[in-house]
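Please look through the structure below before reading on, and keep it in view while you follow the report.

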Amino acid sequence: MSIAVAVFTRDLRVHDNPVLWAAHRAAGQVVPLFVLDEAILGRAPLSPNRIRFLITALTELDQELRARGTRLIVRRGDVTTEVERVATQVRAGGVHIATDVSRYCTRRARRLRARLDAHGIPLYEHDSVTAVPPGALRPSSGTAHFAVFTPYFRRWLQTPIRTAYPAPDSLPAPELDPGRIPAAAELCPEHGSPLLAVGGETTGRELLRAWLSGPVEQYGAHSDELATDATSGLSPYLHFGCLSAAELVHRTDLSTTGGNAFARQLAWRDFHHQLLAARTELAWTDYRPPPAPPRFDPHAADAWRAGSTGFPVIDAAMRQLLAQGWMPGRARLIAASFLTKTLHVDWRIGAAHFLHWLVDADIANNQLNWQWAAGTGTDTRPHRILNPIRQAERHDPDGVYVRRWIPELADLPGGAVHRPWRALTLAQDYPPPIVEVNGM
């Protein structure tokens, strides 16, 4: 009986998984394989939040596969070596894997193809990570990628999204040592964020059903309100591929204001993937020169990381990040602008901190969103500065968000919490502002 290997990477799901579906259609038996990549696990420091989320996602994936008559095969080591070993062991007729856009992932695919070619085993790559494949949309100018989001979004909306694949009812598999899914602490001893939300495909699909049952309708009107839980919370599940971006587009009513605003965020994610696919060096290299040269200021960077800048909206965002491994998009934007445009610290320092703590951080979205905020990316107004006080008054007018994360300011009423230095009695243990900005 023919056998195909389905290699899971950032597509840890059975529903609408082009890799798994293609392997299922191509062969009588399927080996669902995940390799704990030593090239990534050997990096220091690891993100404790993403490690914890990964382990729960693998566990839920294994449960989904068991319900279909098989289980997840887990190996640890060099990805190309382990995939080659399994593929030759079962005499696979083909190996299927998702395409990805980072320099590391493209090199991994090339190495894997060369290793498998030596055994006469074809490698099939499938678009699985984004709603629209990264190279599918090109500007009419003929350049390799869109550099401005608005025209990209117009084309994105007009582009047919591939059909969502059903989860296979059953997955016959050959006999193999399944290996085991390790505990998160075995891979990363750091505890990470105490309030981290974890889960995989099963959890993600439950959240998606709840989101589409009503809250998405308010997304356009309330997504920037810091104190309102008006975002979907689905970004970690998209990052790990527990949910399919293509399926989300199909299941979202784009004719509504909220649905269209939510789809815009999915397109923004695709936009950054197509940009990094065309220019992989942008993970750490400026897209354009910075508006002003960054300065070396370890004290300012440390205060920002710790949530001790003296600007409540910034400190609340940074403390939420440490507590939950997540924060809403508006908070990320305000915090990033403050570090790069107000403190003039290099965006790479902030991006590295986000990569360590954000459970949903990937190279494309994290790095290129940071470049956008810093003015080195694709923002058509690279010199714009988000004033932290005005942003706080606009997006947290009653100070609810700030008081939630900065208990030492809990006694300051309403919007007064955004200027604690004006209070008659200074809050104990809360630092003075690290810099001066307009509106103080």
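## The model and its annotated domain

The structure shown here is a predicted model. According to its unreviewed UniProt entry, residues 2-131 carry the annotation "domain: Photolyase/cryptochrome alpha/beta".

## Residues in loops

Arginine 13 sits in the loop between strand 1 (3-8) and helix 1 (18-26). With a relative accessible area of 1%, arginine 13 is buried, because a residue counts as buried when this value is under 20%. If its neighbours within four places in sequence are left aside, arginine 13 is in contact with several residues, among them Phe8, Leu61, Arg162, Glu201 and Cys242. Arginine 13 and aspartate 177 are 164 residues apart along the chain, and their C-alpha atoms are separated by 21 Å.

Most residues other than glycine have a negative phi. Aspartate 16, although it is not a glycine, has a positive phi of about 45°, and arginine 91, also not a glycine, has a positive phi of about 55°.

## Two pairs of packed helices

Two packed helices are described by the angle between their axes and the distance between the axes. Helix 12 (residues 257-278) packs against helix 17 (residues 363-374) at an angle of about 95°, and their axes are 9 Å apart. Because angles of 65 to 115 degrees count as roughly perpendicular, helix 12 is described as roughly perpendicular to helix 17. On the side of helix 12 the contact is made by Trp268, Arg269, His272, His273, Leu275 and Leu276, while helix 17 contributes Ile363, Ala364, Asn365, Leu368, Asn369 and Trp372. Sorted by class, this contact of helix 12 with helix 17 has seven nonpolar, four polar and one charged residues.

Helix 13 (298-306) and helix 14 (residues 312-324) pack at an angle of about 65°, with 7 Å between their axes, and they are therefore also roughly perpendicular to each other. Trp304, Arg305 and Ala306 of helix 13 meet Ile314, Met318, Arg319 and Leu322 of helix 14. The residues in this contact of helix 13 with helix 14 comprise five nonpolar, no polar and two charged.

## Aromatic rings

The structure holds 21 aromatic pairs. One of them is formed by tryptophan 284 and tryptophan 347, whose rings are 6.4 Å apart from centre to centre, with 10° between the planes, and the pair is stacked. Tryptophan 284 lies in the loop between helix 12 and helix 13, and tryptophan 347 lies in helix 16 (residues 347-357), so the pair ties together parts that are 63 residues apart in sequence. Tryptophan 284 counts as partly exposed at 41% relative accessibility, whereas tryptophan 347, at 3%, counts as buried.

One aromatic cluster is formed by Phe146, Phe149, Tyr152, Phe153, Trp156, Trp268, Phe271 and Trp372. Trp268 and Trp372, which belong to this cluster, also take part in the contact of helix 12 with helix 17.

How values were computed
Residues numbered from 1 in each chain as written. Predicted model: local features only at pLDDT ≥ 70, side-chain atom pairs only at ≥ 80, totals over all residues. Heavy atoms only, no water. UniProt positions renumbered as here; feature names shortened; annotations may be inferred. Axes fitted to C-alpha atoms, helices over the stretch in contact; angles between N-to-C directions. Helix = DSSP H or I, 4+ residues; strand = E, 2+ residues; numbered from the N terminus. Parallel < 35°, antiparallel > 145°, perpendicular 65-115°, else oblique. Contact = heavy atoms within 4.5 Å. Nonpolar A, V, L, I, M, F, W, Y, C, P; charged D, E, K, R; others polar. Phe/Tyr/Trp six-rings, centres within 6.5 Å; stacked < 30°, edge-to-face > 60°. Buried < 20%, exposed > 50% of the residue type's maximum accessible area, 1.4 Å probe, protein only.
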